[in-house]
Amino acid sequence: TGAIGLYNLGQSCCLNSLLQVFLMNIHFTGILRRMTVPPCAVQRRSNVPYQMLLLLEKMQCGKRKAVRPIELACCLLAHRVELFVQHDAAQLFLHLWNLIKKQMKKLELVEELSDLYTICIQEHLACQNCSFEIKNSSSMLTLPLPVLDSNSHRLKTLEDCVRYFFHPEELTGQNMCFCQHCGRKTPFLQSMKLVHLPQTLTIHLKRFCFEKSSYVHKLSHCLPFPRDLDFNGVLTENQCQADDNEKATWQYGLFAVVAHSGSTSCGHYCAYIQSLTECKWYCFNDSEVCQVSWDDVKCTYGHSNLHW
């Protein structure tokens, strides 16, 4: 029925932007609509996915330009998600995801949620003195990409950030690891290998930088990202741990961008999202929603004075 805004309840721009990204994803809402409704009123009030479903229905009923996510906000507050404070989008996204996954009662829906969002990585640690190697598999909700290299030089494109994340790193000096075969600390080679990518891939650009003085500042330099991203053309064979069938699914089209303007202590979030049913881009700036062009989306590449 069209793109609907969410009123700001007081520093809730980050929450509003993330909710729009969830609810504009028809694969996610398809799972949400099949959830089991909690039996009693108390459980319904405290169930995050159910409150998201009610909010979605409220947004799709009538012709209002925006709705107030008050019931969902109160539900999140009961789960210790603070309101009226500045949030970091990546942290809040993880918090929302954990609550949604925990409160989904149907196991098949939980599995579908994992397939929709979960990234699988394998970490390799290899001793440089002998053949001893450690392999650890892990899953993550977002791919956390640095925007600077180890020498604090700016990485120029999103593809460069992906390559750098999976680039092997030598652990020497104070960073050496204990080798069970050698019986002492030795130089190791640490590398990350990509095992599985989900249907909806979420990338987190690490734009907040901690300096030695404990001062945190934001890295606002321009970082272009493409409309289409094929990991087969970005990573080498040595950086992947997957068969050809898996790699065939590693092609993506950009769906949404959650953009932050301002500094680390004071700023504003909004979301640029492409409607998967209309193939049109919209800017969701709390209660204000407007159709935008690809050139407008490219404005989020990184500008300290970004305004909408």
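Tutor: A cavity is a set of grid points where a 1.4 Å probe fits but cannot get out. The structure to which this is applied here is a predicted model.

Student: How much space lies in the largest cavity, and how do the residues of its lining divide by class?

Tutor: The space in the largest cavity comes to about 80 Å³. Its lining includes Leu9, Leu15, Ala73, Val81 and Phe84, together with Glu82 and His87. By class, the lining residues are seven nonpolar, four polar and one charged.

Student: Which residues line the second largest cavity?

Tutor: This cavity holds about 30 Å³ of space. Its lining is made up of three nonpolar and four polar residues, with no charged residue. The residues in question are Gln11, Cys13, Cys14, Val85, Gln86, His87 and Gly267.

Student: What is the volume of the largest pocket?

Tutor: Unlike a cavity, a pocket is an open set of points. For the largest pocket, the volume is about 1,300 Å³.

Student: Which element gives the largest share of the lining of the largest pocket?

Tutor: The lining has 48 residues, and those closest to the pocket centre are Thr202, Ile203, Ala256, Val257 and Val258. Two or more lining residues come from each of H1 (13-23), H6 (89-103), S10 (203-206), S13 (228-230), S14 (251-253) and S15 (256-262). The largest share is five residues, and the element that gives it is S15.

Student: How many charged residues are in the lining of the largest pocket?

Tutor: Asp, Glu, Lys and Arg are the residues that count as charged. The lining has 27 nonpolar and 15 polar residues, and its charged residues number six.

Student: Are Glu112 and Arg34 buried, partly exposed or exposed?

Tutor: The partly exposed class lies between the buried limit of 20% and the exposed limit of 50%. Glu112 has a relative accessibility of 30% and falls in that class. Arg34, at 38%, is likewise partly exposed.

Student: By about how much of the helix are Asp160 and Arg163 separated?

Tutor: An α-helix has 3.6 residues a turn, so residues three or four places apart point the same way. The side chains of Asp160 and Arg163 meet in a salt bridge at 3.1 Å, N to O. Asp160 is partly exposed at 27%, and Arg163 is partly exposed at 34%. As both lie in helix H8, three residues apart, their separation is about one helical turn.

Student: Which residue of the salt bridge between Lys247 and Glu237 is buried?

Tutor: The N to O distance in this salt bridge is 3.0 Å. Lys247 lies in helix H9 and Glu237 in the loop between S13 and H9, so parts ten residues apart in sequence are tied together. Glu237 has a relative accessible area of 62% and is exposed. At 9%, the buried residue is Lys247.

Student: What is the radius of gyration of the protein?

Tutor: The protein has ten helices and 18 strands. For 308 residues the globule rule gives 19 Å, and the protein is as compact as a globular protein of that length, because close to that figure lies its radius of gyration of 21 Å.

Student: What percentage of the contacts with a separation of 6 or more is made by residues 24 or more positions apart?

Tutor: The C-alpha trace spans about 70 × 45 × 40 Å along its principal axes. Of the 308 residues, 45% count as buried. Among contacts with a separation of 6 or more, the share from residues 24 or more positions apart is 61%.

Notes. Residues numbered from 1 in each chain as written. Heavy atoms only, no water. 1 Å grid on protein atoms, 1.4 Å probe; cavity = no way out; pocket = protein on both sides within 12 Å on 5 of 7 lines; lining within 4 Å. Points joined across faces, edges and corners; volume = space filled by probe spheres on them. Helix = DSSP H or I, 4+ residues; strand = E, 2+ residues; numbered from the N terminus. Buried < 20%, exposed > 50% of the residue type's maximum accessible area, 1.4 Å probe, protein only. Salt bridge = Lys/Arg side-chain N within 4 Å of Asp/Glu carboxyl O. Rg over C-alpha atoms; globule rule 2.2 N^0.38 Å. Contact = heavy atoms within 4.5 Å.
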